[in-house]
Amino acid sequence: MKPNGRSPIAALLAAALAANVLYGAPSTAAATEAPAPGTHAPPDARSRSRALDSADKALAGQARELLAGDGDTFERPTVVFGPRGLQYLTYRRLHHGLPVYGGDVIVATDREGGTVTTVTTGQRATLDGVATKPVVTPERAREIARNLLGTVTEQSAPRLTVHAAGTRPRLTWESVVKGSSKDGPSVLHVYVDAADGSITDRWDDVRRGIGHSFYNGDPVYLDTRATGDSYTLTDPLRPGVSCAGPDNRILTGPDDDWGDGTATNPETTCVDVLFAVQHEWDMMREWLGRNGIDGAGRAFPVRVGVNIPDATWSGSSVDIGHNVANTKPLSSLDVVGHEFGHAVFQTTSGGSGSGLEAYALNESTGDIFGALTEHYVNHPPELDEADYLVGEEVDYDGDRPLRNMYDPASLGDPGCYTPDLPNQEPHKAAGVQNHWFYLLAEGDRVAGRPEQSPVCAGTGVTGVGLRDAGEIFMGALNLKTVPWTHAKARTATVRAAFSIFPGCLHAQRVKDAWDAVGVAASPGEPTCPSEPRTFMVRPTESGGVVDQGASTAVTLRTRILGAQSQDLTLSAEGLPEGANATFSPARVPSGADSTMTVTTSATTPAGTHTVVVRATSATSPTLSHAANYRLTVTPASPANDFSVALGRDTATVDRGTTATMTLSTATTRGDPQKVALSAVGLPDSVSFTFNPSTITTGQNARVTVHPSAQTPPGPYLVTVRATGAARRTTTLRLNVRDPREPDFSVRLTPEAASVEVGGTTLSVLETTTDWGDRQRVDISASGVPAGVNVAANPRSIETGSSSTITFGTSATTAPGTYPITVSAVSAVGSVTRSATFTLTVKPRPVPAWRPYTPYAVGDRVTHGGTVYRCVIKHVSLPGWEPPRAPALWARVQPTK
């Protein structure tokens, strides 16, 4: 998150100073603080292979000490690298094919992999004699675990596990129950003894940590994680969210009480960061229907205490620094919301975009998500209250906000679109879309405010409200294409308004707001249909889950889109067999709410069904509007029931190769039955076969997975179904790899620019993952002439994201044309891709001589086509032209 300077050049220079300089001598402090090159680099491929051999030998040689017995096997280890390249290999133990909780073995080696330094396990007794056949049924274990929480929203199928973390290993049913208890949200891990149904072990991922905040009040409550006897600032409910110090170590503590409320305490900064991102996640879920920051149920880690006057998004994480005076951390609600807004922009279609105009829209996206987060939290005025100012609490460079969405021009930023806007510094150019969003949400005149938000054209704008504006903006981001421009943003927001809010009202106000900031309509922009649309209906939740034979309820909200209210009759279409819907009341005036209750029967098919909720005008039966509601029906326990499981829940397969595993079934209630096996969730290029494809419960089948050479690499969640009198499922997390070394490409936009001596220009280095996984790359520059500095911000990114490259010249730079090579080098050093930027440095033009102008010795002017140099300091007067005043001016160039 960059501040705006008072001029474009000042902003560009600030960006260059905040970035890591790639060329030129570093400061003495930087040189003494930097670690030795390669100190923490990961080991090379040969060292990794050597470590695996060493660890395998150590595992075999110390089997007795590791309490390995008959029936014990170990899976291929997972490997992580520690400080100075040390290698840590974790082997997962299986006992007669069952996972062993507490039985993992960890082998540590040196960087080269030839020396084993540690071999350890948490298991305290051998597994000889542990039963492998349960007495307690999985249904009973599921019920026991479920009853530990007051409200249950999700529960994993019980899995047989050998619990070996205690002094007496035992066979257990392992289950994870999500929901809430009297203390709040819960993700409860439960181990039920498979012999007698007692609780062997349980723990909750969720801890309601107490935080002492600098910006958000004292105390605040956080979702944290307990690890053994300590606590960690890792969010158990929002995957990927954690808070670390500048050394990348996630903060831990002996209790769940964090921070002291002061600006200089790292724990306090983490309290503010986690408070902000947890509420931003919840805002996206409740207001925008988005699953996590990235739209796929995940977010990203944060590092605090970074010694930079900035807060940054790197493409995969957020760094929180301090203000210019180093008196406050940049961890206010809107600043944290801004950085995670960049993550939303990157993880929607089109990625981070291309060019400076997309950069400006990206910056504005951050500001918009910061404002949405502030309004969702809705602090009182004495804290970080909800407003449309950006960073007003952090005092970045004095007592002024970084940007003003209500009136960008008040801080020197453009609030209206002009043809040269795409070439302006992106943080300043963000003002146009910021201003549009404010006008759409609030309108140009807001009750209780004496001043008017300025508009560039039109007669004014009526707002639709912040939440509706947020939904429209999120819908537009999901339509984002490369290159992203203000014109495309206008078209996408109009389309989103039509899609989300049937009728013309919202779409017209979107258009009015764009008109007001000077962004004109493009050909093909959607227009209002001729059919009158005077109301709408929408469920307050997008879907619900109900067991067969049970019921669920949802509130239906209607709105008036025309001038008058009218009576609406409510109905539901597309209900699954055996289900019915009732409404209370069944007839409402538009603008009122109703409750829809869906009741299923024992014969209602399990699965997800789309129910169409319709509101019909009582006076004009041909006029109706509808919305979708996803109803998920979960199966009740039939008289004859069974379970299904795979021999492993994850599989990693290279493209063009094959993996096999065993699918097992068991009769859990009543008589055995024939079941048909199938799988869903795979692309067409993956073959997933069963041999045999129909079995009797209690039998096994061999599963073969074969991704073709054309299968896109990546993770796939496969649902394996066994269908008989009932349907039971299990899941496989399939990771398809490309056996080729990951590769990427780069390009610069623009590829060339001209500047005068002492000037600065920008280009954006875009990276594309051509195949394989995304990888971290470091950006460097070569062929840089004397007097030129090249800086990248950020300097290290993941492929698929971009970095802004600043080319700065000085007074000593010689005019000329210079090809500069900008390279991206993968973190392991095996792949380098480069692009060339052609920098043309032009001499500064010599100004013409003017009367009544002060001149100093050495100043140059032109007069009559000749260049003169001032030899005596003076203020010029008419008649003192250089040819007529040789005592003041000396000719330095003959007349052309």
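In the predicted model, Asp 72 and Arg 93 form a salt bridge (a side-chain nitrogen of Lys or Arg within 4 Å of a carboxyl oxygen of Asp or Glu), with the closest N and O atoms 3.3 Å apart. Asp 72 belongs to strand S2 (residues 72–74) and Arg 93 to strand S5 (residues 93–95), so the pair ties together parts that are 21 residues apart in sequence; strands are DSSP runs of E with at least two residues, numbered from the N terminus. Both Asp 72 and Arg 93 are buried, where buried denotes under 20% relative accessible area, exposed over 50%, and partly exposed in between (1.4 Å probe, protein chains only).

Residues are numbered from 1 along each chain as its sequence is written. Because the model is predicted, local features need pLDDT of at least 70 and side-chain atom pairs count only at pLDDT 80 or more, while totals for chains, interfaces and linings use all residues, and side-chain values use heavy atoms, with hydrogens and water left out.

A second salt bridge joins Arg 159 and Glu 174, the closest N and O atoms being 2.8 Å apart. Since Arg 159 lies in strand S10 (residues 159–163) and Glu 174 in strand S11 (residues 170–181), this pair ties together parts that are 15 residues apart in sequence. Arg 159 is partly exposed at 31% relative accessibility, whereas Glu 174, at 15%, is buried.

Arg 285 and Glu 286 also meet in a salt bridge, at 3.1 Å from N to O; Arg 285 is partly exposed at 44%, as is Glu 286 at 43%. Salt bridges with shared partners link Arg 285 and Glu 286 with Asp 223, Asp 235, Arg 238 and Asp 282 in one network. Across the whole structure, the search finds 27 salt bridges.

Key. Helices (H or I, at least four residues) and strands (E, at least two) are DSSP runs, numbered from the N terminus.
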